[in-house]
Amino acid sequence: MSDGERPPGDEAAELARLEEAVRAVLPALEAFNRFEGADQAARRRPSWQARLDLPLPSEGLGLDAVVEELTRSAIPYGVRTGAPGFCGWVTTAPTTAGVVATLAATVAGSQRYFTQPFNLLEALGLRWLAELVGLPATFQGVFGSGGSMANLIALGAARQSAFERIGHDPSADGVPAGVQTRIYASRQVHHVVKRAAAVLGLGRRSVVLVDVDDDHRIDLVALRQVLDDDIRRGILPVALVASAGTVDTGAVDPLAAMADMAAERGVWLHVDGAYGLFGVLDPSVAGLFDGLDRADSVAVDPHKWLAVPIGCGATFVRDPALLERAFTLEPAGYLARPPVDPADGPPASPFADIGERFLDFGIEQSAPSRGVLVWAALLEIGASGMRARVQRHIAFARRVTALASADESLEVMAPPSLSIACFRYRRPGLTEDQLEDLNQRVVSRLWADSVYVPSTTRLDGRLAIRCCFINPRTTWADVDGLVAAVRRAGDALLGGE
Ligand SMILES: *Cc1c(COP(=O)(O)O)cnc(C)c1O
């Protein structure tokens, strides 16, 4: 559209030409997704930074310049977390369904409210998720940006519950002085739980980190002891946090036993399944999740194993009214609308009804449609497709472990529970310090010179090479290739190459 067709006085932003712009970036996106050649993002930083890092332009350069710079300077150097050899941390890139759903929602579902499909899909995405992992449909779900927010919302509900029991409304009145609170979790819990405690006014130090057993699961004896000691001392327990898939090893805390312990003492049970909850789909490990349906709240990240675009986590809370008391936005004049009388038939305007009121169940008002991402991913592959993915990834972790235990130059550092494998290169006669240094250098070499990107972690004070399989593009050949590459890199480093 030429500027002449714009309403007079309009700003310079293009309001049309969507098809043209999307078509123009698509070849670069398709090329990116082939992950060909070495990853040049770090090596060529000076060149793309020089093109992108400009002073604020006083005059705009127009949409064509935006498309040009995206295509030339940004997309080719984007982060390759979807490359088949990438198995670091707990992240991956989206599959096509999530990408196209994002585009659709950005354009047509720019808010998750009102009488429109993206409001329905927000609720439907939550319903499908709950059903997929075996949570009762009566739980109130809400989407947020990821596991950080999902845990914060869940623990906000836990805080509400704990203080209401002692006749106090923390949402309305704040956290009262003089009440000591505690949240109990294993040493392997994700640090976002501590941050949530900080944000909720309970304090990072209120999170008690309980020892783990040999399988990196919370030690129930130690948990019971500290919990009961604290209760005797008049401390208010806010929640037991069970990790359903720790990020270090994929360990799943004993949910049923923790549910018993929580129920006997009237304490909230929260399950952080941000990474691992989808593991329940694999019958060979589903038993680890027994007791999940007894949780008071659950966090899960579709943007991890379900491989939808980043920015999609979900919280489920057993008691919807409690969640609403914790997070209600309260009625606001500018959001009010005339009452809808169903007897009048369907309203003529989609804006007559806000639809499912997600704004009262979390900490965002305006928010993108996220249910559509989950809906799209599950509509495409169904529960069976997701089950096959999870089973394959769990089998990958077992394969890495089998290969490592069969190779005298490799050592398994933790048996896999889900889709995370931890191992290292070893050589008799090397000290722990030398092994640490060697394995760090093995990983650096893999990052620099191979297609494989595992990460590392520390287990019982020792450095482990860690691969977490949630990437839908990873194949069996990549799994074997990764282990072989670790072996080669270790050999080469010791051989002085
Ligand atoms: C990833 C993860 C988080 C944090 O989630 P984000 O989506 O990165 O905010 C919390 N807990 C666990 C167990 C995780 O795997």
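**Exercise 1.** Which side chain has an N or O atom 2.7 Å from a nitrogen atom of the ligand?

*Solution.* This is a predicted model, in which local features need pLDDT of at least 70 and side-chain atom pairs count only at pLDDT 80 or more, while totals for chains, interfaces and linings use all residues. Residues are numbered from 1 along each chain as its sequence is written, and side-chain values use heavy atoms, with hydrogens and water left out.

Step 1. The side chain is that of aspartate 272.

Step 2. On the oxygen side, a polar side-chain atom of serine 148 is 2.6 Å from a ligand oxygen, and one of lysine 304 is 2.8 Å from an oxygen atom of the ligand.

Step 3. The protein covers 84% of the 380 Å² of accessible area that the ligand has on its own (Shrake-Rupley method, 1.4 Å probe).

**Exercise 2.** Describe the shell around the ligand.

*Solution.* Step 1. The ligand is surrounded by 14 residues (a heavy atom within 4 Å); Gly147 and Asp301 are among the closest.

Step 2. Four of the shell residues are nonpolar, seven polar and three charged, with Gly counted as polar.

Step 3. Helix H6, residues 147-165, gives the most, three residues (helices are DSSP runs, H or I, of at least four residues).

**Exercise 3.** Identify the nonpolar cores.

*Solution.* Step 1. The largest has 102 residues, and Leu240, Phe278 and Phe316 have the most contacts inside it (core members are buried, under 20% relative accessible area, and joined through side-chain atoms within 4.5 Å).

Step 2. Helix H12, residues 371-406, supplies the largest share of this core, nine residues.

Step 3. A second, separate core of 24 residues includes Phe396 and Tyr425.

Definitions and conventions:
A polar contact is a pair of N or O atoms within 3.5 Å; within protein, one must be able to donate a hydrogen and the other to accept it, and residues adjacent in sequence count only if both atoms are side-chain atoms. Helices (H or I, at least four residues) and strands (E, at least two) are DSSP runs, numbered from the N terminus. Buried means under 20% relative accessible area, exposed over 50%, partly exposed in between (1.4 Å probe, protein chains only).
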